[in-house]
Amino acid sequence: MEQKLPTSRHPYPLALLIPVAALLAACGGNSDSGAVNTGNVSVSGVVVDGALQGVTVCLDLNDNLVCDPAEPRDITDSQGKYKLDTLTQTALDRHRLIANVPVGAVGADDPANPVATAYTLTAPIGKHAAITPITTLISLTMDDDAGLTADEAAKVVAARINLAATPAELFADYTRSGGSKVGAYS
């Protein structure tokens, strides 16, 4: 039985994502912001569409897919790495991280050609080690079917793009984890 990747309900800039992203036009959110001013949790990871430098990564407290001024944030380094400090576990359990990729961001796989069109990447809540085009598709799939877990949504995406990969492979930094079969789709 062929599984279909659901379409979304809200505009979402995915111009530079994999061809499957054309099936997804948007993602949703809600206004439940949950306060995060202090805490003792930090998270780190990498933004990969080729490792991307100059990307704003934030904990999207109001779920609007924009890194607003009051939200905890970091800018990725030349290896695409970010780190967010002083977060609460409650906030991490309720909100996803997003990566706003601006015009001019530089990808390690093609540094001579900076990003020409801004776009946003995301990952499901709790899956922040790598924020990639694939994790974005998984996150969007979860937006369209709130009953899916991250691993279930990963399986739906893998089936839809005919990729034999485990959820763990789909959530990993495929540029460093030997996940070339995943990287081919990003």
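The secondary structure of the protein chain comes to five helices and nine strands, where helices (H or I, at least four residues) and strands (E, at least two) are DSSP runs numbered from the N terminus. Read from that end, the elements follow the order β-β-β-β-β-α-β-β-β-β-α-α-α-α. This is a predicted model, in which local features need pLDDT of at least 70 and side-chain atom pairs count only at pLDDT 80 or more, while totals for chains, interfaces and linings use all residues. Residues are numbered from 1 along each chain as its sequence is written, and side-chain values use heavy atoms, with hydrogens and water left out.

Of the 186 residues in the protein chain, 49% are buried; buried means under 20% relative accessible area, exposed over 50%, and partly exposed in between, with a 1.4 Å probe and protein chains only. The chain exposes about 8,700 Å², of which carbon and sulfur atoms supply 52%, the accessible areas coming from the Shrake-Rupley method with a 1.4 Å probe and, for residues, with only the protein chains shown counting as cover. If contact is taken as heavy atoms within 4.5 Å, then among the contacts between residues at least 6 apart in sequence, 63% join residues at least 24 apart.

The interior can be described through its nonpolar cores, each being a set of buried Ala, Val, Leu, Ile, Met, Phe, Trp, Tyr and Cys residues joined through side-chain atoms within 4.5 Å. The largest of these has 22 residues, and those with the most contacts inside it are V47, L52, V55, V101, L121 and I131. The elements that give two or more residues to this core are β1 (41-47), β3 (56-59), β5 (81-87), α1 (89-94), β6 (97-101) and β8 (119-122). A second, separate core of 15 residues includes I134, I138, A154 and L163. Returning to V55, and leaving aside its neighbours within four places in sequence, one finds it in contact with V47, D74, I75, T76, A99, N100, V101, P102 and A105.

A154 leads on to helix α3 (residues 150-160), in which A150, A153, A154, V156, V157 and A158 are buried. The buried residues of α3 pack against α2 (133-144) and α4 (167-170). Just after α3 comes N162, with a positive phi of about 55 degrees although it is not a glycine. N162 lies in the loop between α3 and α4 and is exposed, with a relative accessible area of 68%. D63 likewise has a positive phi of about 55 degrees without being a glycine, and is found in the loop between β3 and β4 (73-75); D63, however, is buried, at a relative accessible area of 13%.

Other loop residues are also buried. H95, in the loop between α1 and β6, counts as buried because its relative accessibility is 2%, and its C-alpha atom is separated by 6.6 Å from that of L59, 36 residues apart along the chain. V115 lies in the loop between β7 (106-107) and β8 and is buried, with a relative accessible area of 11%; the C-alpha atoms of V115 and A105, ten residues apart along the chain, are separated by 5.3 Å.

In strand β9 (residues 130-131) lies A130, a buried residue with a relative accessible area of 0%. Leaving aside its neighbours within four places in sequence, A130 is in contact with V46, A123, T135, F171, A172 and D173. The C-alpha atoms of A130 and Y82, 48 residues apart along the chain, are separated by 10.0 Å.

F171 also takes part in a charge-ring arrangement, with the charged end of K127 sitting over its ring, 4.8 Å from the centre; the criterion is that NZ of Lys or CZ of Arg is within 6 Å of the ring centre and within 35 degrees of the ring normal.

Finally, a search of the whole structure finds one disulfide, defined as a pair of cysteine sulfur atoms within 2.5 Å. The disulfide is formed by C58 and C67, whose sulfur atoms are 2.3 Å apart, and it is left-handed because the torsion about the S-S bond is about -90 degrees. C58 is buried, with a relative accessible area of 0%, and C67 is buried as well, with a relative accessible area of 11%.
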